[in-house]
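Dear colleague,

Here is the structure you were going to look at. My notes on it follow below.

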Amino acid sequence: MSERVLMKGNEALAEAAIRSGCRHFFGYPITPQTEVAAYMAKRMPKIGGTYMQAESEVAAINMILGSASAGVRAMTSSSSPGISLKGEGISYIAGSDLPCLIINVQRGGPGLGGIQPSQADYWQATKATGHGDFQILVFAPSTVQEMVDTVADAYDMAEKYRMPAMILADGMLGQMMEPVVFEDKEYVPAEKPWATNGHGFKRERNVTNTLYLTPNELEKRVVDRFKRYEIVKENEPRVECLGTEDADIIVVAYGATSRIVKSAVKSAREQGIKAGVIRPITLWPFPDKAIAAAADTAKAFLCVEMSMGQMVDDVRLAVNGKKDVHFFGRTGGVIPTPAEVLEQIKKIAGGVK
């Protein structure tokens, strides 16, 4: 059985987390994600869960650290400046090998910027969420339904590999309303022998820690963690490819921007231009193999982002100089239009042979 309802993106994220076993939410209001916290404030007391508006983003992420160490499914949400404040705590969670779910509904920046949609947190999410040598899982849904479906997937993968997961949305996805289907599935908690949840003297005590004063011990733990990351990179990249088999020009975009790109590519096809789309669904691990394979047949690439150009760096690394990689972006909360993207495709088509 399933349930089909019309929901705003932020509220759908919150409901999906509850249905995926989240019973502990700690956050702080900031536009354009405040509805996530507001929804949790309403629902958590009714289902025996914990909702707490922390005194700051710093406090909220450290509450997540404590909850995750106990082995429960916990979640926090924020928007760009708030995620920056959570950076230290995210590093502690990664350094403790703990799973959790972090929502970033991006807004324009830098600084306080504006409250309109943006994708300018790509570098932060995939390369520098916090200090030290670590990675986190990063998912980039493009519809409200996909946001719902991604929540359970993100939790499962975070627990499988014992690392934080982030859903990187934006103000457009968070605020739009679309019909979504919630599958009627019961969450069954997995065994977590590492959790600091009491042992009744039946096992050795578990300790959550990130401080190792002996360099060799810290190095070993970081190296072991990166060996696990290599397994993630090999097995878990998610990507959608549309019309890439015969495409001369491949447009790469993620999240809400990919919806605009699909419309532009459809128009290009109607005008006789062989264009295709590659949409990374996981930003880390990045689907570089799919892009590298497409570079063997395509004539050029166009990366479209709501930023001054961030994911384009990873696209160029994946293409590895085989073909030209062009970029088009709008920033500051300005959303690119299908007509603008189509114009860029036409310009590139006019220059390739």
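How many aromatic pairs does the structure hold? This is a predicted model, and the structure holds four aromatic pairs.

Phe-25 and Tyr-51

The ring centres of Phe-25 and Tyr-51 are 5.9 Å apart and the ring planes meet at 5 degrees, so this pair is stacked. Planes under 30 degrees apart count as stacked. Phe-25 belongs to strand S2 (residues 24-27) and Tyr-51 to strand S3 (residues 50-53), so the pair ties together parts that are 26 residues apart in sequence. Phe-25 is buried, at 0% relative accessibility, whereas Tyr-51 is partly exposed at 25%.

Phe-226 and Tyr-229

For Phe-226 and Tyr-229, the ring centres lie 4.9 Å apart with the planes at 65 degrees, so the pair is edge-to-face. The cut-off for that label is over 60 degrees. Phe-226 and Tyr-229 sit three residues apart in helix H9 (residues 215-235), a separation of about one helical turn. Phe-226 is partly exposed, with 31% relative accessibility, while Tyr-229 is buried at 2%. Together with Trp-284, Phe-226 and Tyr-229 form one aromatic cluster.

Thr-282

Which strand holds Thr-282? Thr-282 lies in strand S12, which covers residues 282-284. Thr-282 has a relative accessible area of 1% and is therefore buried. What does the side chain of Thr-282 reach? At 2.8 Å there is the backbone nitrogen of Arg-238, and at 2.7 Å the backbone oxygen of Pro-285. Setting aside neighbours within four places in sequence, Thr-282 is in contact with Val-138, Phe-139, Glu-236, Pro-237, Arg-238 and Pro-287.

The chain as a whole

The secondary structure of the chain comes to 13 helices and 14 strands. The C-alpha trace spans about 70 × 50 × 45 Å along its principal axes. Of the 353 residues, 52% count as buried. Among contacts between residues at least 6 apart in sequence, 80% join residues at least 24 apart. The accessible surface of the chain is about 15,600 Å², and 53% of that belongs to carbon and sulfur atoms.

Regards

Key. Residues numbered from 1 in each chain as written. Heavy atoms only, no water. Phe/Tyr/Trp six-rings, centres within 6.5 Å; stacked < 30°, edge-to-face > 60°. Helix = DSSP H or I, 4+ residues; strand = E, 2+ residues; numbered from the N terminus. Buried < 20%, exposed > 50% of the residue type's maximum accessible area, 1.4 Å probe, protein only. Polar contact = N/O pair within 3.5 Å; in protein donor to acceptor, adjacent residues only side chain to side chain. Contact = heavy atoms within 4.5 Å. Areas by Shrake-Rupley, 256 points an atom, 1.4 Å probe, with all protein chains shown as cover.
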